[in-house]
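I opened this one to jot down what I could look up in it. My notes follow the order in which I clicked around.

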Amino acid sequence: MRSVLPVFTVMAVIIAIWYAAAVSMNSGWAYDQAERAGKELSFPELISNTMSQDRARLPAPHQVAVEIWKTTVEKKVTSKRSLIFHGWITLNATLWGFALGGVIGLSLAIAIVYSRVMEMGVMPWAVISQTIPIVAIAPMIIVMMSLMGIEERLVPKAIIAAYLCFFPVLVGMIKGLRSPDQMQLDLLRTYHASPTQSFWKLRFPSSMPYLFTSLKIGIAAALVGTIVGELPTGALRGLGARILVGDQFGPPIRIWSALIVAALLAGALVTIVGVLQKITLKRMGMLR
Amino acid sequence: MIWMLAALAFWAIATGVNICLAGSNHRHKRWARILVPALFGLSVLGLWEGIVRVLEISPILLPPPTLIASKFAATTDLLWKDFVQTALKGALSGYFIGCAAAFATAIAVDRSDFLQRGLLPIGNMVAALPIVGIAPILVKWYGFGWESKSAVVVVMVFFPMLVNTVQGLREADAIQRDLMRTYAAGYWKSLIKLRLPAAMPFIFNGLKIGTTLALIGAIVAEYFGSPIYGMGFRIQSEAGRLAMDMVWAEIAVAALAGSAFYGTVAMIEKMVTFWHPSQRS
């Protein structure tokens with residue numbers, strides 16, 4: 001709790017910088033308009049003008065807040081202009097991708113921990129797979145899916161999300177499954193425990209802290225993947241599509257409001273996983 | 001069918017060799033550490049080729065590796081031009097500016113514990129955000145050239161680098177700091193001689209995360225407007241006309257560039273942080 005005040009201070013500084021930037025970036029347009037109207041702008045007029053432009057280069061924070069309020073609370077959830085509607089589409093793909101990526105990461109981690117060939121052969125490729133920019137693959141996955149007759153936009157987005165999500169889970173779980181020390185493993189061997197038993201009774205439980213830490217990274221990565229999957233592909237629904245449409249047709253404020261909602265969504269998802277982590281670890285007696 | 005059998009046979013042999021190698025005493029040697037993944041990768045490529053040929057999958061859906069390789073060889077000029085535009089001009093310049101700015105910011109807030117405690121949670125949160133979404137805005141601000149790509153990369157690498165550097169600078173023990181004080185070392189002396197070296201593993205962690213983000217940022221930004229060359233532009237336009245062999249060739253370039261970039265940073269890390277336990281196996 002002792003970091004609450006510093007966090008708020010830094011946030012206030014960021015918002016102040018945002019306001020200052022809004023004034024300086026929007027002043028060009030304001031001066032231009034004033035010159036055409038043959039007027040001189042006084043400083044207070046300049047400020048109020050830059051704070052309230054419809055198509056501002058950089059909308060002021062309160063404009064974004066108003067836009068978010070309008071498109072979430074005041075719109076019906078089923079409306080195509082509601083950010084809750086678009087956020088739900090994105091969330092859905094994110095969760096599918098997260099589930100898929102989590103399962104892939106977990107099973108690869110188990111295979112790598114138990115098989116040396118897998119470790120030597122597959123692990124380097126898992127690392128290389130993350131140095132390939134996923135966005136390079138996104139348009140191709142979508143074209144491939146539509147050629148295969150899967151018109152549903154959910155599937156390609158979930159695949160891209162899973163591609164980004166599996167790696168942190170894999171790395172974390174390899175560490176986690178190897179965290180029991182040799183003494184504990186030997187103890188189970190003296191009990192004549194089978195590999196399956198030693199997995200369920202020792203390795204898996206002791207990997208829990210690592211699992212949740214990497215799931216937190218993974219779910220944020222899955223959201224990034226989903227939004228990236230929506231960006232370059234002409235998707236019509238979802239927060240990424242909202243950013244795209246705002247870029248091409250709408251006022252820039254739509255991009256900003258979609259971005260902020262995406263940020264809130266990311267924060268909420270990470271917080272939920274964090275709460276699950278606390279509950280699980282507490283019940284397992286691992287929380288110090 | 002003969003293709004499939006050949007591919008399967010190659011896959012079986014490669015897997016067999018891998019199993020032998022992994023079980024033998026050579027497994028810690030450097031050549032084995034390279035050979036095993038290389039064989040695995042080749043066998044996957046072989047299977048891919050075999051499956052595509054036997055099932056006669058249309059090259060529009062999934063071109064075989066040989067077709068991609070020949071396309072790659074035939075269009076090296078074009079690929080090189082795209083690579084220079086996106087990776088060298090866009091990603092690399094933004095990477096350097098962003099990392100340098102984050103490093104400078106971390107040093108600047110280093111003296112204030114208050115600012116650090118505020119910055120760490122916010123930076124951690126921002127580092128998890130889908131910042132790529134900012135790409136269309138920055139392309140609008142800075143135009144279609146590589147400058148806008150560079151700006152996107154700066155924003156993307158800034159926060160992971162900042163968080164890691166701030167975290168790293170806290171790494172030196174109180175005992176070690178006290179020792180520096182007994183030597184009458186001032187702030188800058190103890191920063192350069194003790195705390196920066198101690199922070200290096202964290203700083204390199206940030207630098208490594210940045211390498212992949214830099215390429216992603218530069219490529220995504222090109223989807224929102226670019227000159228008629230660049231990796232992102234090429235991928236999008238060629239995927240639009242279903243020229244999948246060209247898309248795959250470009251992906252190969254991206255993979256090579258990404259791996260080389262990451263590998264370079266990892267190599268420098270090895271030289272700088274040779275003392276760290278993770279580097280001395």
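Below are my entries on the chains, their contact and a few helices.

**Entry 1: what I'm looking at.** I noted first that this is a predicted model. I started with chain B and counted 11 helices and zero strands. Reading from the N terminus, I got α-α-α-α-α-α-α-α-α-α-α for chain B.

**Entry 2: overall dimensions of chain B.** I looked up the extent of the C-alpha trace of chain B, and along its principal axes it spans about 75 × 55 × 30 Å. Next I checked the radius of gyration: chain B has 23 Å, while a compact globule of 281 residues would have one near 19 Å. For contacts in chain B with a separation of 6 or more, 77% come from residues 24 or more positions apart.

**Entry 3: domains.** Where do the domains of chain A run? The assignment gives domain 1 as 5-58 and domain 2 as 83-283 in chain A. I took the centres over C-alpha atoms, and 39 Å separate domain 1 of chain A from domain 2 of chain A. For chain B, the assignment gives domain 1 as 2-57 and domain 2 as 72-279. There, 34 Å separate the two centres, again taken over C-alpha atoms.

**Entry 4: α1 and α2 of chain A.** To describe two packed helices, I want the angle between their axes and the distance between the axes. Helix α1 (residues 4-36) of chain A packs on helix α2 (residues 43-51) of chain A at an angle of about 100 degrees, and their axes are 9 Å apart. Angles of 65 to 115 degrees count as roughly perpendicular, so α1(A) is roughly perpendicular to α2(A). I then listed who touches whom: from α1(A) come A22(A), V23(A), N26(A), S27(A) and A30(A), and they meet L46(A), I47(A), N49(A) and T50(A) of α2(A). Sorted by class, this contact of α1(A) with α2(A) has five nonpolar, four polar and no charged residues.

**Entry 5: a stop at A16(A).** I stayed in helix α1 of chain A, where A16(A) lies. Is A16(A) buried or exposed? It has 11 C-beta neighbours inside 10 Å, and exposed means 12 or fewer, so A16(A) counts as exposed. I also checked A16(A) against P61(A), which is 45 residues apart from it along the chain: their C-alpha atoms are separated by 9.5 Å.

**Entry 6: where chain A touches chain B.** I found 45 residues from chain A and 48 residues from chain B in the contact. On the chain A side, at least two residues each come from α1, α5 (116-131), α6 (134-147), α10 (208-230), α11 (239-248) and α12 (252-283). Which helix gives the largest share of that side? It is α5(A), with 10 residues. By class, I get 36 nonpolar, six polar and three charged residues on the side of chain A that touches chain B.

**Entry 7: α11 of chain A.** I finished on α11(A), where eight of the 10 residues are buried, so the helix is largely enclosed by the rest of the structure. I wrote the buried ones down as L239(A), G240(A), A241(A), R242(A), I243(A), L244(A), G246(A) and D247(A). What do these buried residues of α11(A) pack against? I found α4 (83-114), α10 and α12 of chain A, together with α6 (135-142) of chain B.

Note on methods
Residues numbered from 1 in each chain as written. Chains lettered and ligands numbered in written order. Predicted model: local features only at pLDDT ≥ 70, side-chain atom pairs only at ≥ 80, totals over all residues. Axes fitted to C-alpha atoms, helices over the stretch in contact; angles between N-to-C directions. Helix = DSSP H or I, 4+ residues; strand = E, 2+ residues; numbered from the N terminus. Parallel < 35°, antiparallel > 145°, perpendicular 65-115°, else oblique. Contact = placed C-beta atoms within 7 Å. Nonpolar A, V, L, I, M, F, W, Y, C, P; charged D, E, K, R; others polar. Buried ≥ 20, exposed ≤ 12 C-beta atoms within 10 Å, placed from the backbone. Domains from an automatic or database assignment. Rg over C-alpha atoms; globule rule 2.2 N^0.38 Å.
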